[in-house]
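Here is a short briefing to read alongside the model. Please keep the structure open as you go through the points.

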Amino acid sequence: MLAEVGLGALLLAFAAAFYALLAAVGAGLRNRDDWLLSARNAALLTFPLLLCSASALLLALLNGHCQISYVWSVTDPTTPSFYRFTALWGSQQGSLLFWSLLLSLYCFSAILLSWREHRRLMPGVIAVTMATLAFFLALSLLLENPFERFWLAADGTVLRDVFIPAGARAPDLERLAATANGLNPLLRHFGMIIHPPMLYLGFTGFVIPFAFALAALASGDLSAAWIRATRRWTLLAWMFLGLGLLLGGRWAYDVLGWGGYWGWDPVENAALLPWLTGTAFLHSVLIQEKRGMLRLWNMLLVIFAFSAVLFGTFATRSGLIESVHSFARSDIGFPLFAFWSVMTLVALGLTLWRQRQGLLRDERAFAGLLGRESLFVLNNIVFAALFIAIFWGSFGAPLVSEVLLDAPITLGVDYYRQVTPPLFALLFLMMGLAPLAAWGNSSLRRMGAGLRAPLLLTMPLLALLALAGMRTPVALLAYGLVTLAGMVALVEIVRGARARVRAWGEAWPQALRALFSRNRGRYGGYVVHLGVTVIGIGVIGSTLFQAETQRTLARGESLTLQNYELRYEGFSQALASDGRLLRVAAVTLSREGREIATLRPRIDVFPQQPMTIAGIHSSAENDVYVLLTGHSETGARATFRLTINPLINFVWWGGLLLLAGTLIAAWPHGASVAARRQDSALQEAQA
């Protein structure tokens, strides 16, 4: 019954999305308000229908309805309820349905919230969002149906079909359950509860700014209205995508057993590309709002952000690339490629058409090389260079070499470590300089005056690092650039609060609260910059100064790395309730002769594959990361890999700051427009 309910709701959702697409196009062409209202109602209906469909599949997973082939492929009778829930997005069919559910939620929310204020753009917005939703629903219905079931033919053959074939009957469910696959062991981690939903919320969220951009192109309304309508949606999608990337890094760190969190895997990079483009858009859109500039550039950034989302989806779900993160090879590859191509070409064609009409012309020219506009453009050029470099390493070089040489070339970590650090260094430099520049034209004197306090705060830190023994010029330069960018953000927050204290006599806590409540975008952005700074400190430390050793030990023997000593104490085996065999080593970790922790690295042996789980001792200074990589039959001897990751926890702490800053920037304004203008004038005066 659950399969019928879920499939019926899925069919109705597709019909509603397709009808909304046609009605919205007709409303736009014929200026029919009644058709537009009908399209709106049909579009809003897709969310409750998909919620019903996804709930039916979730109930089937929780209750072990293994006649549904998806349930059989991702769960078994020993799978805990906790992981039955996450199995909803654990494989291709379920994750596509979940993707469509989140997309419909975005569409539902954007249409409701923007209906009155941006009525003129609604035909295009509904048409684009519903075209995208209808496409993904068609994939679920025709190629990756999550409600396909097992049937037993008259001759005993097991069949898979959505509907019961003629002469077939339901199989023996107990026997079927006994052969179920169970969830991939790599997905049995708390991070997998959050990581995929965050990524999907980021990916699907970029549909909304793309839809508004195409609606603006189609309608000819290329004022800043579409920018204002999409800013918070872009921030929301960008935040979720960033959190998804960080949570994916944490999952890789805990589960994949190689001691790191970012391996420049093509699937990781596929999620990073739209985040980079979205970051560039969020910066340059300020110039269009303030100065009426970069209209064409912003349109292209929105298009390429969504295009990167579609391409990344195609790359990870089609079997184009092999990765621990990707889905199995599937028939949806060609349709996804075709949809990506059509949507990108249509968007670029509309942009070229409007550009030739002069509707994307800037209102004013650049006034000087040191103006804030110029620095933001340079910032965007660096983002574009990063995008190209990462795309080429992940997809361009392998695909071109396979087509031309019939031998795919894989560019490894060394390529990215050579190409990306200079570009990231430029980004941090721009992050420090751009907030200090004036709109229009600026001067070296003004920027030098603004840099004085951040430099005075940065130099003592570098001196302390040098006195502590750091002699690596690259590391000192990297820490200097990253810290300077963070200090600029911190000083700007303090300067803004100080201006309020002096102008209106407010107490410092009150001044800070008013500062953030009345100019959330600017000061939330500074908090984001602080978060990126903290992440940068963690990346530099864990990349440049990671130390590692590996050795086989008998019980009672030790190995040392830097000032840490690891002693092998013992070995045990146990059978967990979900059927996995746990092989656990007990080790004592000491530092400078003092015992600081007892760790239990282990190997979880599932029927499908073993999984290595590290023992980790964390502190603000570093992580000591211990892997059990092998052992004798009795455990008398075991092989351990000991890794020291300096400052790695700064990566996760910076992610929390990034989340806080984005929420501040996206939160609705509590102050009046007049009050915000007054504050802006004060901030410009005190700058």
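A cavity here is a set of points, on a 1 Å grid over the protein atoms alone, where a 1.4 Å probe fits but cannot get out, and its lining residues have an atom within 4 Å of a point. This is a predicted model, in which local features need pLDDT of at least 70 and side-chain atom pairs count only at pLDDT 80 or more, while totals for chains, interfaces and linings use all residues. Residues are numbered from 1 along each chain as its sequence is written, and side-chain values use heavy atoms, with hydrogens and water left out.

**The cavity**

- Rolling a probe the size of a water molecule over the atoms shows where empty space is left.
- The structure holds one cavity of 30 Å³ or more, and the largest cavity has about 40 Å³ of space; a volume is the space filled by probe spheres set on the points, with grid points joined across faces, edges and corners.
- F206, P209, F210, T234, G278, F281, L301, V302 and A305 line the largest cavity.
- Two or more lining residues come from each of α9 (207-219), α11 (266-291) and α12 (295-317); helices (H or I, at least four residues) and strands (E, at least two) are DSSP runs, numbered from the N terminus.
- The biggest share of this lining, three residues, belongs to α12.
- Seven lining residues are nonpolar, two are polar and none is charged; Ala, Val, Leu, Ile, Met, Phe, Trp, Tyr, Cys and Pro count as nonpolar, Asp, Glu, Lys and Arg as charged, and the others, Gly among them, as polar.

**The four-stranded sheet**

- Strands of a sheet pair through backbone hydrogen bonds, either parallel or antiparallel.
- In the order β3-β12-β11-β10, four strands form an open sheet with antiparallel pairing; two strands pair if DSSP finds at least two bridges between them.
- The edge strands, each pairing on one side only, are β3 (547-554) and β10 (615-618).
- From one strand to the next, the twist averages 20°; axes are lines fitted to C-alpha atoms, for helices over the stretch in contact, and angles run from 0 to 180 degrees between N-to-C directions.
- Four bridges pair β10 with β11 (residues 622-631) in the antiparallel sense, and a hairpin of three residues joins β10 to β11.
- G615 has V626 of β11 as its bridge partner, while S618 stands opposite D623 in β11.
- Helix α10 (residues 225-256) lies across β10, β11 and β12 (637-646), at about 125° to β10; contact means heavy atoms within 4.5 Å.

- G655 is part of helix α20 (residues 649-666) and counts as buried because its relative accessibility is 5%; buried means under 20% relative accessible area, exposed over 50%, and partly exposed in between (1.4 Å probe, protein chains only).
- Not counting residues up to four places away in sequence, G655 touches L243, L246 and I535.
- G655 and G202 are 453 residues apart along the chain, and their C-alpha atoms are separated by 15 Å.
- D265 sits in the loop between α10 and α11 and, at 17% relative accessibility, counts as buried.
- S590 belongs to strand β6 (residues 581-591) and is buried, with a relative accessible area of 4%.
- Its neighbours within four places in sequence aside, S590 is in contact with N563, Y564, E565, E595 and I596.

Notes
1 Å grid on protein atoms, 1.4 Å probe; cavity = no way out; pocket = protein on both sides within 12 Å on 5 of 7 lines; lining within 4 Å.
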